[in-house]
Amino acid sequence: MSARLLLIGPPGAGKGTQAQRLSEALGVPAISTGDIFRMHLRNETELGLKARAFMDAGDNVPDTLTNDLVSDRLSQPDAAAGFLLDGYPRTIDQVRALDEFLATHGASMDAVVELVAEPDVVVERLKKRALDQGRADDDEAVVRHRLDIYAQQTAPLIGVYAERGLLAKVDGIGEIAEVTERIESALAARGILFTA
């Protein structure tokens with residue numbers, strides 16, 4: 001089925017894990033700006049080199065770079081019937097850019113799932129991920145800085161999507177399968193049904 005969804009929540013709330021599970025269940029691509037940026041970093045592209053300084057400091061990549069990258073990705077054939085965004089939009093300006101992109105394609109968002117997680121739980125999760133995956137952007141000081149940025153810039157988006165009647169709040173803490181089930185129930189209540 002066609003579904004245009006956004007997963008929103010603080011760093012470490014489990015968005016990436018849930019995006020992959022939901023992507024498979026819905027048959028739409030999971031589009032993660034973090035994964036796209038990391039791919040550019042690995043390949044040392046021009047964008048990757050520009051993004052590296054921001055990411056290593058725990059800052060968000062500037063909107064203009066991010067908007068262009070996401071618009072390009074959403075224009076790919078596999079996203080025509082729907083997608084699941086993870087990590088974008090993060091700012092009100094990015095919401096506007098996404099709205100404009102969707103409007104030019106005669107589409108709109110179907111639902112926004114907010115994964116809710118306490119900051120201390122997130123810090124512990126990401127410290128563990130840093131050890132498991134060797135990620136420099138997951139040390140505690142960087143994580144707390146990212147949480148501050150999230151609170152300042154991204155949390156206001158929750159109000160925007162709530163006003164539009166698109167927001168579903170879901171507890172992001174617990175076993176992965178339990179969280180997936182909570183998300184599927186919240187989406188089913190909005191008429192978004194799963195094929196798998």
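Predicted model: local features only at pLDDT ≥ 70, side-chain atom pairs only at ≥ 80, totals over all residues.
User: In what order do the five strands of the open sheet lie?

Analyst: The sheet is built from parallel pairings. Its edge strands, each pairing on one side only, are β2 and β5 (167-171). From one strand to the next the twist averages 20 degrees. The order of the five strands is β2-β3-β1-β4-β5.

User: Which residue in β3 is the bridge partner of Ser 32?

Analyst: Strand β2 (residues 30-32) runs parallel to β3, and three bridges join the two. Within β3, the partner of Ser 32 is Asp 86.

User: Which residue of β3 does Leu 5 stand opposite?

Analyst: β1 and β3 are paired in the parallel sense, over five bridges. The residue of β3 that stands opposite Leu 5 is Leu 84.

User: Why is β3 described as largely enclosed by the rest of the structure, and which of its residues point the opposite way from Gly 82, Leu 84 and Asp 86?

Analyst: Five of the five residues of β3 are buried, so the strand is largely enclosed by the rest of the structure. In a regular strand, side chains alternate between the two faces of the sheet. In β3, Gly 82, Leu 84 and Asp 86 point one way, and all the residues on both sides are buried. Those that point the other way are Phe 83 and Leu 85.

User: Which residue in β4 is the bridge partner of Leu 7?

Analyst: Strand β4 (residues 111-116) pairs with β1 in the parallel sense over four bridges. Along this pairing, Leu 6 stands opposite Val 112. The bridge partner of Leu 7 in β4 is Val 113.

User: Which element gives the most residues to the largest nonpolar core?

Analyst: This core has 31 residues, and Leu 74, Phe 83, Leu 85, Leu 98 and Tyr 161 touch the most other members. At least two residues come from each of β1 (3-8), α2 (33-42), α3 (46-56), α4 (63-74), β3 (82-86), α5 (92-104) and α7 (140-163). The element that gives the most, with five residues, is α5.

User: Which residues does Leu 85 touch, not counting those up to four places away in sequence?

Analyst: Leu 85 is among the members of the largest nonpolar core that touch the most other members. Leu 85 is also one of the buried residues of β3. With residues up to four places away in sequence left out, the residues touched are Leu 5, Leu 6, Leu 7, Ile 31, Val 70, Leu 74 and Leu 98.

User: At what angle do α2 and α3 pack?

Analyst: In the contact of these helices, Phe 37, Arg 38, His 40 and Leu 41 of α2 meet Leu 47, Gly 48, Ala 51, Arg 52 and Met 55 of α3. By class, this contact has five nonpolar, two polar and two charged residues. The crossing of α2 past α3 is left-handed. The axes lie 8 Å apart, and the packing angle is about 115 degrees.

User: Is Glu 44 buried or exposed?

Analyst: Glu 44 is located in the loop between α2 and α3. Its phi is near 50 degrees, a positive value in a residue other than glycine. Because the relative accessibility of Glu 44 is 54%, and the threshold is over 50%, Glu 44 counts as exposed.

User: Why does Glu 184 count as partly exposed, and which residues does Glu 184 touch beyond four places away in sequence?

Analyst: Glu 184 is placed in helix α8. Its relative accessibility is 27%, so Glu 184 counts as partly exposed. Glu 184 and Ala 3 are 181 residues apart in sequence, and their C-alpha atoms are 13 Å apart in space. Not counting residues up to four places away, Glu 184 touches Leu 22, Ala 25 and Phe 194.

User: What is the omega of the peptide bond from Tyr 88 to Pro 89?

Analyst: Pro 89 is found in the loop between β3 and α5. The peptide bond from Tyr 88 to Pro 89 is cis, and its omega is near -5 degrees.

Note on methods: Residues numbered from 1 in each chain as written. Heavy atoms only, no water. Core = buried A, V, L, I, M, F, W, Y, C linked by side-chain atoms within 4.5 Å. Buried < 20%, exposed > 50% of the residue type's maximum accessible area, 1.4 Å probe, protein only. Contact = heavy atoms within 4.5 Å. Axes fitted to C-alpha atoms, helices over the stretch in contact; angles between N-to-C directions. Left-handed = near helix turned anticlockwise from the far one by under 90°. Nonpolar A, V, L, I, M, F, W, Y, C, P; charged D, E, K, R; others polar. Pairing = 2+ DSSP bridges.
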